[in-house]
Amino acid sequence: MKRSQINQAIDYAIKKCEEYKLPLPPFAYRTPEEWAHASANEQEIDDCMLGWDVTDFGKGDFEKYGLTVFVFRNGNIKNPEKYPKVYCEKLLLTLDGQTLPYHFHWFKTEDIINRGGGDLEITLWQADENEDFSDKDVTVTIDGCKTTVPAGGKIVLKPGMSVTLEPYQYHQWQAVPGTGDVMAFEVSRCNDDYTDNRFKDPMPRIPSVEEDEPARHLMFADYKERANLGE
């Protein structure tokens, strides 16, 4: 992705949070210059991948395939002794008509919650022993009610609704075109976006970045290079 796209996506997400009266923590607004002087006491932000994340899944068409994420809190599955949180909370801003490609998680159970905006349509498949689509029905829990759909079936989360997705359940979602952006949230087991995403078609969860302009905001993938960005 181009850095200019990432800057615009995060600027837009901040505006949407203001519109929905969703306060973000102070570090959400930091400039790269401010990140360069972060305290050693803030190592948890780095190690648990807190903060912004923007992806087009390597497809080069962010408006069609993409997601803007803000991670509020998370544990660390590789270092649970230091970071014992077993949960994660994220904002998952999905633009009107935007799609999140098919994937499942080996480790993570997650609730996807439509906090406001448009409708979120989710298509479901159960993975088989070869991690391909199976012909089995898929059972999920929608707002505490067990719901079974056929393989490849769809559910729609209107604002206020939520679904629990379990490991090995392939899911693709789209903000239903014409209904508006979806302010979705994830509440889940602690999460590692480098290691716990199995996409049906191989694609990068963390995209490479073309630095066509200085960064205005940092993503968690930028933290190690923070001293060189924003210039």
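Biologist: Where does Thr55 lie?

Modeller: Thr55 sits in strand β1, residues 51-55. Strands here are DSSP runs of E, at least two residues long, numbered from the N terminus. Keep in mind that this is a predicted model, where local features need pLDDT of at least 70, side-chain atom pairs count only at pLDDT 80 or more, and totals for chains, interfaces and linings use all residues. Residues are numbered from 1 along each chain as its sequence is written, and side-chain values use heavy atoms, leaving out hydrogens and water.

Biologist: Is Thr55 buried or exposed?

Modeller: Thr55 is buried, with a relative accessible area of 0%. Buried means under 20%, exposed over 50%, and partly exposed in between, using a 1.4 Å probe and protein chains only.

Biologist: What does Thr55 touch, not counting residues up to four places away in sequence?

Modeller: Its contacts, meaning heavy atoms within 4.5 Å, include Met1, Phe62, Tyr65 and Pro207. The Thr55 side chain also reaches the backbone nitrogen of Phe57 at 2.9 Å. That is a polar contact: N or O atoms within 3.5 Å, one able to donate a hydrogen and the other to accept it, with residues adjacent in sequence counting only if both atoms are side-chain atoms.

Biologist: Switching to the sheet, what's the strand order?

Modeller: It's an open sheet of 5 strands, β9-β6-β11-β4-β13, with antiparallel pairing. The edges are β9 (154-157) and β13 (198-199), each pairing on one side only. Two strands pair if DSSP finds at least two bridges between them.

Biologist: How many bridges join β6 to β9, and how many join β6 to β11?

Modeller: Strand β6 (residues 120-126) has 4 bridges to β9 and 7 to β11 (residues 169-175).

Biologist: Why is β6 largely enclosed?

Modeller: Because 5 of its 7 residues are buried, β6 is largely enclosed by the rest of the structure.

Biologist: And where is Phe107?

Modeller: Phe107 is in the loop between β4 (99-104) and β5 (110-117). Phe107 is partly exposed, with a relative accessible area of 31%.
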